[in-house]
Amino acid sequence: MRHVFTLIIICFACLFCGEQMSAAKRKTVFVNSKMHIIPVADQNGMYAYLTYLEDHIQAKVYNSQGMLLFNLNVKEITPDTCIYDGVQEEYFFNELRDVYRYENNQVVEHTFYRNGEKIFHQPLLVGDTIWYFQNHIVLPQEAVSYGVVKKIDSQTKMVAVSRYSCRNNDLLEEGNFNLIEYNNSVRQGKQFYYSNGKKCRLSIYSPKGQLIEDYAIDTLGKVQRQVSFPVIPNYSTAQKAPSWKEIKFFYPDGKLKAKKVRVDNRIEEQYFLPNGELTDAMDLDEDSNMDEFYGIIPDMPQFPGGAQALYTFLKENMKYPVLAQQMKLVGVVRVSFTVEEDGSVSNIIVVEPVHKLLNDEAVRVVKMMPKWIPGNRNGTPVKVRYTMPINFRLQ
């Protein structure tokens, strides 16, 4: 590496001593995070090999460890300007992560890669397929459902998506999105959910993606339950969803059966007979629908021995890949898996990758885990989807 930096310094000195460029038009320069040429290396130590071609400049950018960060095509690169044009590749520790296509210095296409495979691209087009595991966008071989883009509004950019089961192609969901990204999707307006080909749920979202109304629908299309949520003016999908504000239950003929209202830290309840008269508490037959709709499990699964035992297990069994250490790879890999009714772990996928070396090690360790104490609803073990962060950091 000493020889590499010697070469860089020598080249840089030659290029900035006021001499004219040679006919070869190749040079090595230091650059900052904005891809502007700088006279000396900054704290990031990034440098670029520039090749001046007939109609553009090819720039290969490396970090101080000599690892490829970007393979760029630019129209111009100076101490205060960088004009992108054409295809730009972005790497993470030598692994291709993103490919952008620019026109007039604006991004017009973005493709995300994982483990060398295309996983998602923007802008979406009518007919495109998006592969899902739960609500995470994944590779096709990992998916349990898939979404097909049915319509794109050219003015509002609203994307209408229908989602189907990979197992039998049954329709699962229909709705609109005002944003679909690899790690973030924002629903807007009406969202219909299906079971056995019939609507079972309707959700209504605000323009910013907040769930504001939710309806449970019976097999005849009648509303069984309506749940309302307080509207948050500056809501962001990064925020925790608010608790429900009001729940209404209905008789099959549509008349109000019961109402629950959250007031400060208490819940006020009213119950009605079929003729509309108030009555004492009755069996609302809520079953587990609320839990199923909102992903609430009264007793979440636990690693045997608790959080400290899980930490000890990971510490004793995780093997930091040697090559990853040499590359100084660090980060948090989020692994999602199902804890089955018997506590066994299945359906393991990486939902937030870092690098293939770390991703693979995280999956290997999760596969080694002993049986968990399963999730529990009303005294009955239930399967639960669980996401766990695994932190890789060098000492």
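Predicted model: local features only at pLDDT ≥ 70, side-chain atom pairs only at ≥ 80, totals over all residues.
Strands, in the sense I use today, are runs of at least two residues that DSSP labels E, numbered from the N terminus, and Val 350 is found in one of them, strand E25, which covers residues 345–352.

Val 350 has a relative accessible area of 5%, and because buried means under 20%, Val 350 counts as buried. What is Val 350 in contact with, once its neighbours within four places in sequence are left aside? The list is Arg 114, Val 333, Arg 334, Asn 359 and Val 363. If you look for Met 388 in the structure, you will find that 38 residues separate it from Val 350 in sequence, while the C-alpha atoms of the two are 9.8 Å apart in space.

The phi angle of Asn 347 is near 50°, which is a positive value in a residue other than glycine. Asn 347 has a relative accessible area of 45%, and so it counts as partly exposed. A second case is Asn 105, in the loop between strand E8 (95–103) and strand E9 (106–114), where phi is near 70° and again positive in a residue other than glycine. Asn 105, at 32% relative accessibility, is partly exposed. As background, most residues other than glycine have a negative phi, and most peptide bonds are trans. That brings me to Gln 122 and Pro 123, which are joined by a cis peptide bond with omega of about 0°, and Pro 123 is found in the loop between strand E10 (117–122) and strand E11 (129–133).

Now to the interior. In soluble globular proteins, nonpolar side chains tend to be buried together. Here the largest nonpolar core has 26 residues, and those that touch the most other members are Val 333, Phe 337, Leu 358 and Met 369. At least two residues of this core come from each of H3, strand E24 (331–339), helix H5 (356–368) and E28, with H5 giving the most, five residues. Met 369, if we do not count residues up to four places away in sequence, touches Phe 303, Leu 310, Phe 313, Phe 337, Val 345 and Met 388. There is also a second, separate core of 18 residues, which includes Met 46, Leu 50, Ile 57 and Val 61.

A word on cysteines: a search of the whole structure finds zero disulfides. Cys 82 is buried, with a relative accessible area of 11%, whereas Cys 166 counts as partly exposed at 30%.

Finally, the chain as a whole has five helices and 28 strands, and 41% of its 395 residues count as buried. Among contacts between residues at least 6 apart in sequence, 36% join residues at least 24 apart.

Note on methods: Residues numbered from 1 in each chain as written. Heavy atoms only, no water. Disulfide = S-S within 2.5 Å. Buried < 20%, exposed > 50% of the residue type's maximum accessible area, 1.4 Å probe, protein only. Core = buried A, V, L, I, M, F, W, Y, C linked by side-chain atoms within 4.5 Å. Helix = DSSP H or I, 4+ residues; strand = E, 2+ residues; numbered from the N terminus. Contact = heavy atoms within 4.5 Å.
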